[in-house]
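Me: Hi! I'd like to talk through this model with you. Could you take me around it?

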Amino acid sequence: MEVHPTLADLELNRPPKKQRCLPIVQIQKSKQLIGNNVHLTDLDCEGNIYYANGENLFKLPVPLETASITDEEVTIVLVQGEETSADLAVTLANGNNVDLAGADVEWTNSAPQVATIENGKITAKNAGSTVIQANVSYNGETIASNKIEITVQVTTTSLTEQVQSLEEAGDIEHSVAQQLVNRLAQANHHYENEETDQAIKHLEDFLKHLENSSVEEELKSLLESNIASIKESYLQD
């Protein structure tokens, strides 16, 4: 037996119990509402109301209620090179979830040099912090999510991998890359032997080699920040 929405269901703007989730092309007229010309056709699985007026079919969408990046922490700490997902959830005023496949999601990122976000995937790039937020457009409405902060920390291992990648890309000359990688290896060796002063000296030598190189200034600045992140972690331990 087919189940039709009641007037109470219409007032709450939500599907009745056992409501079928039908594509709009399959929706059939089910209940007369006003006079002889306006008829309720059905509710979809989100609770949107479809009705016919003559030959015209109209949709009354449920308003957006909240959009949230569902992570337990407001600040997420990542090591350079790590990835994580920003799990975005959007709810309607009736409590139903939005199918984001049909939504337009635009991510904002305060410092893309620190971390990137693409299709909800966050990748840590360089030392620092960035604030990420989603703007979701759906059914003619736009809603902003909560903000999350991404903090990126750098290690000698992650920075070594970055220098090698930059060498492969042609952004750092081979001879310079070798000097930088060697300084990082020496810094890590002394740090593991609890020789913090010697470890920091090799980090400073890294900066000297970098300063005397032909590396572009913007890239130099990022690498200097990454060295500062390592130095800070050494001094805190």
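Reply: Happy to. One term before we start: strands here are DSSP runs of E, at least two residues long, numbered from the N terminus. Also keep in mind that this is a predicted model.

Me: Good. Which strand holds Ser-85?

Reply: Ser-85 belongs to strand β7, which covers residues 83-85.

Me: And how accessible is Ser-85?

Reply: Its relative accessibility is 42%, so Ser-85 counts as partly exposed. The cut-offs behind that are under 20% for buried and over 50% for exposed.

Me: How far is Ser-85 from Ile-69, C-alpha to C-alpha?

Reply: Those C-alpha atoms are separated by 9.5 Å, and the two residues are 16 apart along the chain.

Me: Zooming out, how many helices and strands are there in the chain?

Reply: The chain has 5 helices and 14 strands. It runs to 237 residues, of which 39% count as buried.

Me: What about confidence, what is the mean pLDDT?

Reply: The mean is 84, with 81% of the residues reaching 70 or more. Residues 1-35 are a stretch to treat separately: pLDDT stays under 50 there. The model still has 58 contacts beyond four places in sequence for that stretch.

Me: New topic: where does UniProt place the coiled-coil region?

Reply: The unreviewed UniProt entry puts that feature at residues 177-213. In the model this span is 86% helix and 0% strand, and its end C-alpha atoms lie 10 Å apart.

Me: Now the helix packing. At what angle do α3 and α5 pack?

Reply: About 10°, with the axes of α3 (residues 174-192) and α5 (residues 217-236) 12 Å apart. Angles under 35 degrees count as roughly parallel, so α3 is roughly parallel to α5.

Me: Which residues make that contact?

Reply: From α3 there are Leu-184, Ala-187, Asn-188 and Tyr-191, and from α5 there are Ile-227, Ile-230, Ser-233 and Tyr-234. By class, that gives 6 nonpolar, 2 polar and no charged residues.

Me: And α4 with α5, how do their axes cross?

Reply: At roughly 175°, coming within 10 Å; α4 covers residues 196-211. That makes α4 roughly antiparallel to α5.

Me: Which residues meet there?

Reply: The α4 side includes Ile-200, Leu-203, Phe-206 and Glu-211, while the α5 side includes Lys-220, Leu-223, Ile-227 and Tyr-234. The contact of α4 with α5 divides into 11 nonpolar, 1 polar and 5 charged residues.

Note on methods. Residues are numbered from 1 along each chain as its sequence is written. This is a predicted model: local features need pLDDT of at least 70, side-chain atom pairs count only at pLDDT 80 or more; totals for chains, interfaces and linings use all residues. Side-chain values use heavy atoms; hydrogens and water are left out. UniProt positions are given in the numbering used here, feature names are shortened, and annotations may be inferred rather than shown by experiment. Helices (H or I, at least four residues) and strands (E, at least two) are DSSP runs, numbered from the N terminus. Axes are lines fitted to C-alpha atoms, for helices over the stretch in contact, and angles run from 0 to 180 degrees between N-to-C directions. Angles under 35 degrees count as roughly parallel, over 145 as roughly antiparallel, 65 to 115 as roughly perpendicular and the rest as oblique. Contact means heavy atoms within 4.5 Å. Ala, Val, Leu, Ile, Met, Phe, Trp, Tyr, Cys and Pro count as nonpolar, Asp, Glu, Lys and Arg as charged, and the others, Gly among them, as polar. pLDDT is the predictor's confidence in each residue, from 0 to 100. Buried means under 20% relative accessible area, exposed over 50%, partly exposed in between (1.4 Å probe, protein chains only).
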